[in-house]
Amino acid sequence: MLSLGKLLELTLAGREPTEKIQLTSGGVRLHWLGEGALDVTPPAADDSGFDLLLSAGVHGNETAPIELLDRLIQGIARGHLKPRARILFLLGNPEAIRRGERFVEQDINRLFNGRHGESSGFEAMRAAELERYAAAFFTKPERSRLHYDLHTAIRASKIEQFALYPYVEGRKHSRQELARLRAAGIDAVLLQNKTGITFSSYTYAQLGAEAFTLELGKARPFGSNAEVNLDRLEERLHSLIEGREPEFDGDRLDGLQLFSVAREIIKHSESFLLHLAPDIENFSELPVGYLLAEDIAGTRWVVEEEGARIIFPNPKVKNGLRAGILVVPAEV
Ligand SMILES: O=C(O)CCC(=O)N[C@@H](CCC(=O)O)C(=O)O
Ligand SMILES: [Zn+2]
């Protein structure tokens with residue numbers, strides 16, 4: 001296998017490849033751009049006009065998606081997978097991946113869309129670098145642009161695989177993309193209603209890509225991901241990469257559950273108290289009237305919405321950040 005096919009191995013060892021550019025026997029060009037960043041270009045005659053950004057490891061302990069990208073990259077480097085799409089592979093936070101931790105100093109996925117400029121430290125610099133890689137990749141006009149930022153969650157979930165769809169004022173969420181996600185095995189999509197500070201929010205808002213954060217199961221260490229079934233997503237990615245995606249009907253969402261954000265629970269102080277069991281699952285329902293959280297100065301978060309469910313409850317986030325999202329059923 002070409003040595004650039006070992007992007008994960010190089011990244012885990014903190015090593016640079018000797019040759020930065022390699023060609024597969026099928027004429028596919030692999031270009032190592034920097035730590036955890038690999039650009040893949042098909043031969044011009046094969047190019048399908050599709051630009052696909054696949055990122056994982058934005059949180060260093062979310063290993064199943066990193067292993068998935070590793071399989072794709074190795075498949076391309078061995079010539080088993082024959083790309084007709086341009087692809088940018090990004091391993092988001094190499095130092096956190098090496099340590100097996102969500103982040104080292106601060107959560108990179110809260111540093112996009114301008115936030116890194118208000119911060120310092122290597123994670124802020126890495127967020128800026130990830131933005132530069134993505135911006136340089138998505139420069140070619142009249143091509144399809146898609147970004148999947150792959151994650152796994154801290155806790156188990158009543159809905160195993162789901163996506164978060166970013167928001168920009170005046171831009172419609174695409175039913176075609178929802179149908180594509182359904183075909184990739186995604187069970188639910190959370191439609192955001194304000195522009196966020198995550199990586200997918202950046203590529204959606206600033207680079208005009210269709211972009212999603214994909215939550216694919218529970219976070220576990222490398223080699224312990226047997227319970228995370230990525231078969232349908234992996235098959236769909238193969239077909240996108242090879243330019244042979246089966247037709248799908250954007251009007252048929254085929255049981256895909258849709259939610260919208262009712263409220264983000266923001267932690268304001270160290271007095272923040274979240275009244276949920278530590279092992280509560282994502283998408284657990286909460287009854288109207290339930291006292292969800294309390295914070296400084298008598299702030300109380302009481303559930304008012306029928307059919308509300310909680311995702312990503314986390315009282316340990318830094319002050320000013322999201323400590324959970326209340327979601328409600330939605331339609332498009
Ligand atoms: O399990 C959790 O509490 C967090 C899982 C996770 O990392 N989720 C992403 C979602 C990003 C988005 O809102 O698009 C995150 O929190 O960064
Ligand atoms: Zn994550």
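N109, A153, I154, T213 and F312 come nearest to ligand 1 among the 13 residues around it, a residue being near if its C-beta atom, placed from the backbone, lies within 6 Å. The model is predicted: local features need pLDDT of at least 70 and side-chain atom pairs pLDDT 80 or more, while totals for chains, interfaces and linings use all residues. Residues are numbered from 1 along each chain as its sequence is written, and chains are lettered from A and ligands numbered from 1 in the order in which they are written.

**Ligand shell**
- The shell around ligand 1 holds 4 nonpolar, 8 polar and 1 charged residues (Ala, Val, Leu, Ile, Met, Phe, Trp, Tyr, Cys and Pro count as nonpolar, Asp, Glu, Lys and Arg as charged, and the others, Gly among them, as polar).

**Sheet**
- Strands (DSSP E runs of at least two residues) form an open sheet of 3 in the order β11-β13-β14, with antiparallel pairing (pairing takes at least two DSSP bridges).
- β11 (273-274) and β14 (299-302) are the edges; each has a single partner strand, so one side of each lacks a neighbour in the sheet.
- β11 pairs with β13 (residues 291-295) over 2 bridges, and L274 is opposite A293 in β13.

**Helix pair**
- The axes (lines fitted to C-alpha atoms over the stretch in contact, with angles from 0 to 180 degrees between N-to-C directions) of α4 (residues 122-137) and α6 (residues 199-207) come within 11 Å and cross at roughly 40°; helices are DSSP H or I runs of at least four residues.
- L130, E131, A134 and A135 in α4 meet F199, Y202, T203 and L207 in α6, with contact meaning C-beta atoms, placed from the backbone, within 7 Å.
- These contact residues of α4 and α6 divide into 6 nonpolar, 1 polar and 1 charged.

Note on methods: Two residues are in contact if their C-beta atoms, placed from the backbone, lie within 7 Å.
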